[in-house]
Amino acid sequence: MTEPTPWTPTSRRTLGKAAVAATVAVGAVGAAVRLSQDDDPKLRPGGALALSADDGSDVAALETGLRLQERSSGVLQSEALPTSTYSMAAVTWARPEDRPEVLVRARRSDGWSDWTRLPVVEDRPDDDPAVRTGTAAWWFGPSDAVQVRLSRGPAPKGMRLVLLHPASRPDDELSPRTAARRSTGTPKAPRPDIRTRKQWGADESWRNGSPRTNRTIEQVHVHHTVSGNTYSRKETAALIRGMYRYHTKSLGWSDIGYNVLVDRFGRIWEGRAGGIAQPVRGAHTLGFNDTSMGVSVIGNFEQAAPTEAIIDALGALAAWKLDAYDRRPRGRTTVESTGSDKYAAGRMATLRVIDGHRDTNDTACPGSKLYARLDDVRDRAHRVIKASRAGRPVDEPEEPDVVGVVEPARVGGVAKPGKGLKVVKGRYDPDGARSSYQWLRDGDPIAGETAWRYRLGQADLGRRIAVQVTTRSGSRTPALEVTPARRVTSPVVLEVNARRTRGRVRAKIRLRSPEGIDREPTGTVTVSIGNRTEQVRVRDLGKPVWFGRGKKLAKSATSLVVRYDGDAAFRPAERTLDLPPTQR
């Protein structure tokens, strides 16, 4: 048995330098932040944040300091920041006790995504409280701008934005499979097909220190990466490379946290280094890493239900790992905690042999929809072990016989009443697979709307519209996709009349919906001139807005700015009037 070898985490040596070298100064501009091109050499001409891969890898990255300013609604938000191409985004900070609610949106080829809440990463090493804390690295797909919002403050200290773009490689789509292996001597559950670190392209120079091994394996802890569900087969290897870079370079871990990963297509991937057959200690389940293996399914299973291919893969993997140590997949075990937020250090915990992360830590992981299927995983693992011990063939899952999503479908068009949305069909394996559609409003089917086009109406205003795409080919299991939702909004008509008389300004403002929209905007309008600002509720705009009734305005205060912040149904609008110094 290999004795644990201490290692020095990246955070204590490298992250301190990165915090200085990668911080971009930010200055307040109105209600957001602006990054000046003079602040950092990583900013390209035009002010875009530029990712780079200066370590010779093909994972481009950018980590930059970020300060947010309070908006009128009370949230903290950055302005929209243009970038070079990135596909993953995360936010990190210094103190693990901070738990901000971080939302990010990305600008893709079809426009801005909805605001996406990035869950805080609850997995971390047992023995290194000094590593940085952060959100999951969310997979948005190729994007060229980013915006960050905190719906619950205050902003944590040392806050940094992390952008990643792992480039695709020609062999990513192929990802050759390794042969399943059977034990010799006493019949044991066979090793399932596992793609190795070499096959997904791990840069071994990023690891820090030697792998540590456990004395035994008593449990399999099931997680989800909460990194999004829209990745394709071809993108999976790149996504894992990005996750590996984030864990080691941004969070300061010695390696990727999970021992094994399973993608949404049911394929199994080696995670942490040290030998997939060895009891390698991971950084996945605080307080219980020293007696377990951690497997994480790539995706967010609060949002999506796991496929049968995922359940089969988890069952086959758990059977192989647990049977090597004579554990019962449907049983329970009592283990000593080294300290978690549910079980104090030294406390004995009786847990399921195959459990979910939420059983040991205060977290929603592995998502309610995957957690509800853990009994099926246990049953699958039990059947594999029982058949193996009886010397019978095991119906081990091969490459899942499903329709593969090479490039996911998306929605194009303008999301406003009177306009149309359309499905931009994805690419599938095999070629020639046929798709059917069901349009959704706030997640519910819209009766009768099953064509590839959908015309938006009044009922859609302020609602989120998506489409469920079901793609079939012969007897294969259909591919089921739900596109990112598009919120339907309308422009507003903002009319401003103002008059300046002897240091006073009287402004009449009218805000209304355009012709054909029978709903009126709500929210607030901000009116400013010089260094004076007034906020007026939309419903109070029948009265004029005055400036200078008490202390007169300076002669230089000639630019009147009226800004509507928008609401769930109507887009922001702004008007600027240049007033002469005096009107009689």
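1. A salt bridge is taken here as a side-chain nitrogen of Lys or Arg within 4 Å of a carboxyl oxygen of Asp or Glu. This is a predicted model, in which local features need pLDDT of at least 70 and side-chain atom pairs count only at pLDDT 80 or more, while totals for chains, interfaces and linings use all residues. Residues are numbered from 1 along each chain as its sequence is written, and side-chain values use heavy atoms, with hydrogens and water left out.

2. Glu 302 forms a salt bridge with Arg 358, the closest N and O atoms being 3.6 Å apart. Glu 302 lies in the loop between β17 (292–297) and α4 (308–323) and Arg 358 in the loop between β20 (354–356) and α5 (368–371), so the pair ties together parts that are 56 residues apart in sequence. Helices (H or I, at least four residues) and strands (E, at least two) are DSSP runs, numbered from the N terminus.

3. Asp 114 and Arg 464 also meet through their side chains in a salt bridge (2.7 Å, N to O). This pair links distant parts of the chain, 350 residues apart, with Asp 114 in the loop between β8 (111–112) and β9 (116–118) and Arg 464 in strand β28 (residues 464–472). At 18% relative accessibility Asp 114 counts as buried, whereas Arg 464, at 29%, counts as partly exposed; buried means under 20% relative accessible area, exposed over 50%, and partly exposed in between (1.4 Å probe, protein chains only).

4. Asp 255 and Arg 197, joined by a salt bridge at 3.3 Å between the closest N and O atoms, are both buried.
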